[in-house]
Amino acid sequence: MKTKLHFCLIFAAFTITFSLISGCSKTESEYHKREIRGIQGINEVWIHESGFNPTILTVDVNTTVMWSNRDYKDHTVTADDGKAFDSGNIEPGFEFSHQFTSRGTFAYHCKYNFKITGTIIVQ
């Protein structure tokens, strides 16, 4: 009887733990579609020392994309064409937003580190 109770307790603990852990993970698609600060239609790109995350983001026309500097250094979000958008300096903990009003593919980079690149695809 003790063995059966012990088994049931271990099984219940495992089931609860697994449920909690599996419920906390996000898929890539959930990351892009979540609401940020209660405003629908905004997608967020995080800036890290290792690059933009995600590096490629696909959005609909009239979507606003927000870049959040999660690094300890300053960065920029600068369109490769030099015209579409340019954040200027973004200090750690600060953000830059841009609304994409036309279809196209918009490549961009950080002026301080040209290895940090990304692409916004507007459908």
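The legends below describe close-up views of one predicted model.

Residues are numbered from 1 along each chain as its sequence is written. Because the model is predicted, local features need pLDDT of at least 70, side-chain atom pairs count only at pLDDT 80 or more, and totals for chains, interfaces and linings use all residues, while side-chain values rest on heavy atoms, with hydrogens and water left out.

**View 1. The largest nonpolar core has 19 residues.** A nonpolar core is a set of buried Ala, Val, Leu, Ile, Met, Phe, Trp, Tyr and Cys residues joined through side-chain atoms within 4.5 Å. Buried means under 20% relative accessible area, exposed over 50%, and partly exposed in between (1.4 Å probe, protein chains only). Phe 52, Trp 67, Val 77, Phe 85 and Ile 120 have the most contacts inside the core. Two or more residues each come from strand 1 (42-48), strand 3 (56-59), strand 4, strand 6 (95-100), strand 7 (104-110) and strand 8 (113-122). Strands (E, at least two residues) and helices (H or I, at least four) are DSSP runs, numbered from the N terminus.

**View 2. Ile 120 and its contacts.** Contact means heavy atoms within 4.5 Å. Residues up to four places away in sequence are not counted here. Ile 120 then touches Leu 57, Val 59, Val 65 and Trp 67, along with Phe 100, Gly 104, Thr 105, Phe 106 and Tyr 108.

**View 3. Seven residues form one aromatic cluster: Phe 52, Trp 67, Phe 85, Phe 96, Phe 100, Phe 106 and Tyr 108.** The structure holds 8 aromatic pairs. Rings of Phe, Tyr and Trp (its six-membered ring) pair if their centres lie within 6.5 Å; planes under 30 degrees apart count as stacked, over 60 as edge-to-face and the rest as tilted. The rings of Phe 85 and Phe 100 have centres 5.5 Å apart and planes at 80°, so this pair is edge-to-face. It links distant parts of the chain: Phe 85 sits in the loop between strand 5 and strand 6, Phe 100 in strand 6, 15 residues apart. Both residues, Phe 85 and Phe 100, are buried. The rings of Phe 100 and Phe 106 have centres 5.2 Å apart and planes at 50°, so that pair is tilted. Relative accessible area is 2% for Phe 100 and 16% for Phe 106.

**View 4. Arg 70 and Glu 44 meet in a salt bridge.** A salt bridge is a side-chain nitrogen of Lys or Arg within 4 Å of a carboxyl oxygen of Asp or Glu. The structure holds 2 of them. In this one, the N to O distance is 3.2 Å. Arg 70 lies in the loop between strand 4 and strand 5, and Glu 44 in strand 1, so the pair ties together parts 26 residues apart in sequence. Arg 70 is partly exposed at 42% relative accessible area. Glu 44 is buried at 7%.

**View 5. Asp 86 and Lys 111 meet in a salt bridge.** The N to O distance is 3.0 Å. Asp 86 lies in the loop between strand 5 and strand 6, and Lys 111 in the loop between strand 7 and strand 8, so the pair ties together parts 25 residues apart in sequence. Both ends are partly exposed: Asp 86 at 37% relative accessible area, Lys 111 at 40%.

**View 6. Asp 71 is buried yet has no salt bridge.** Asp 71 lies in the loop between strand 4 (63-69) and strand 5 (78-79). The nearest side chain of opposite charge, Lys 73, is 5.8 Å away. Lys and Arg count as positive and Asp and Glu as negative; His and the chain ends are not counted. The Asp 71 side chain does make a polar contact with the side chain of His 75, at 2.7 Å. A polar contact is a pair of N or O atoms within 3.5 Å; within protein, one must be able to donate a hydrogen and the other to accept it, and residues adjacent in sequence count only if both atoms are side-chain atoms. Leaving aside neighbours within four places in sequence, Asp 71 is in contact with Ile 47, His 48, Glu 49 and Pro 92.

View 7. Most residues other than glycine have a negative phi, and most peptide bonds are trans. The peptide bond from Asn 53 to Pro 54 is cis, with omega near 5°. Asn 62, not a glycine, has a positive phi of about 70°.
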